[in-house]
Amino acid sequence: MTVSSLVQLRLVWCCWTLPRWQMNGHKRPLAMWTSATAQWTLKQKKPAELYRIPVSRPPILSGTSLLGKGALSTTSISPKEVMLTSERYGVQRLPFSHVSDSDLAFFEHLIPGRVITDPDELRPFNVDWLQSVRGCSKMLLRPRTAAEVSEILRYCNKRKLAVNPQGGNTGLVGGSVPVFDEIIISTALMNQVISFNNVSGILVCQAGCILENLNQYLEELDFIMPLDLGAKGSCHIGGNVATNAGGLRLLRYGSLRGTVLGLEVVLADGSILNCLASLRKDNTGYDLKQLFIGSEGTLGVITAVSILCPRKPKSVNLVFLGSPFYILIETSGSNSAHDEEKLTNFLEHVMASGLVTDGTVATEDKKIKMLWSLRERITEALTHDGCVYKYDLSLPVERLYDLVIDTRARLGKTAKNVVGYGHLGDGNLHLNITAESYSHSLLNAIEPFVYEWTAQYNGSISAEHGLGFKKKHYIQYSKPQEAVLLMQQVKAMLDPKGILNPYKTLPASS
């Protein structure tokens, strides 16, 4: 670890008052710093003694394996019925065609055995992970190749049948499920590694590969994915790219706009755009892949990805520190002795200055994963409060927590909890407001207040989650009208009939 690498870390934080995540007080530190030995001495406690973690598991998605063993990704749905998106938000269906018997016959002939029409089987694909939006799709298609996706889209474009591309269905802004009866195109069976170059570290794979499976595959080859998310056990790499997911490794390895080298994308008319480059440098014409990174399935269906993967670090240290906030800092390098020396100097400084009051250091993989699970399961913990209003914002670091304080003051007792956590190193706040149940009046008190506050400090209303269905009408708080108009023109050019993931990402053209 070089001196500068202390800046290029996985640096995240969470607020002092997280529900169900209260840590032991300062009188019983998790670890005790002894400057005489310049070491962190950990008290031997079981994890249950250190953290109060919710017993129930989240409604995770069980996806297919990396190399193509059969099962689909689905969301576990609780007995409560989720209100239809169209009813909750008062959306009107656009004039798309309805699925007919002849449409069903075409798809069953094209991909026999991979067309789902049973209402019970379709149910989990119509509801998002948060159980906040629900569509009523009557058909799900499971292609295995870009050629099959091409035939599907060519037919749907001709018939003006709206489609909803879907990966692991782990999105948080309503972008991954239908609003009405759009045909769901699942990438779950497109889960093959196409190639990996162990000299350049360039991986080429289909879009339906699950992120965690890719990371396990690469670790055996002494590499890792440049992306890490709490939903890694379910999310698909194609969906990650389509939403430009940020995650826990962005500060260390950069965003997907830099690590993704090429894409294979099927356009609305069925054309296959093969820009699946495996080159670090390619300056020939427009960089078309950038159009599709973060486009949330509205410009094309991503079917394959070429991505640059870093070497697996030989030395990893994770520090969990406490003061008014809890913060996780992960360092990675190639020389453990050198890294530990630098980290020791840093810890001595922050302890002596009073900036940090207690903490713990983990170097073993099992303990590192245990500490990261605290951060990754905050989303799950919040769902136990009832309805969660989620906001994903980029702000100047010095203003990062001010919005939490101001929102808490504004909402008072109308909200159950107002919680802030996120990625301190890149100024990304996850603002979460919980209530017993969904309330229009509470939503109106939150929006557009949160967006106006963010715009006041030149922030972004979507740091990494995308706009999806829920935030598309607020894009003007982050983008000028000229930029929105240009985006609408690009959409109209690539998808003139508007069949790709309608009602998402952009407000309707005037």
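Guide: Residues are numbered from 1 along each chain as its sequence is written, and side-chain values use heavy atoms, with hydrogens and water left out.

Visitor: What pLDDT does the protein average?

Guide: The average is 86, and 84% of the residues score at least 70; pLDDT is the predictor's confidence in each residue, from 0 to 100. Over residues 16-65, however, the pLDDT is below 50. Where pLDDT is low, the predicted coordinates should not be read in detail.

Visitor: Which residues of helix α16 are called buried?

Guide: In α16 (residues 449-456), these are F449, V450, Y451, W453 and T454, because buried means under 20% relative accessible area (exposed is over 50%, partly exposed in between; 1.4 Å probe, protein chains only). Helices (H or I, at least four residues) and strands (E, at least two) are DSSP runs, numbered from the N terminus. The buried residues of α16 pack against β16 (387-394), α14 (402-411), β18 (428-435) and α15 (440-446).

Visitor: What makes β9 and β12 paired strands?

Guide: Two strands pair if DSSP finds at least two bridges between them; β9 (residues 202-206) and β12 have 5, in the antiparallel sense, and therefore qualify. I202 has L308 of β12 as its bridge partner. Strand β10 (residues 260-266) is joined to β12 by 6 bridges, also antiparallel, with L263 partnered by V305.

How values were computed: This is a predicted model: local features need pLDDT of at least 70, side-chain atom pairs count only at pLDDT 80 or more; totals for chains, interfaces and linings use all residues. Contact means heavy atoms within 4.5 Å.
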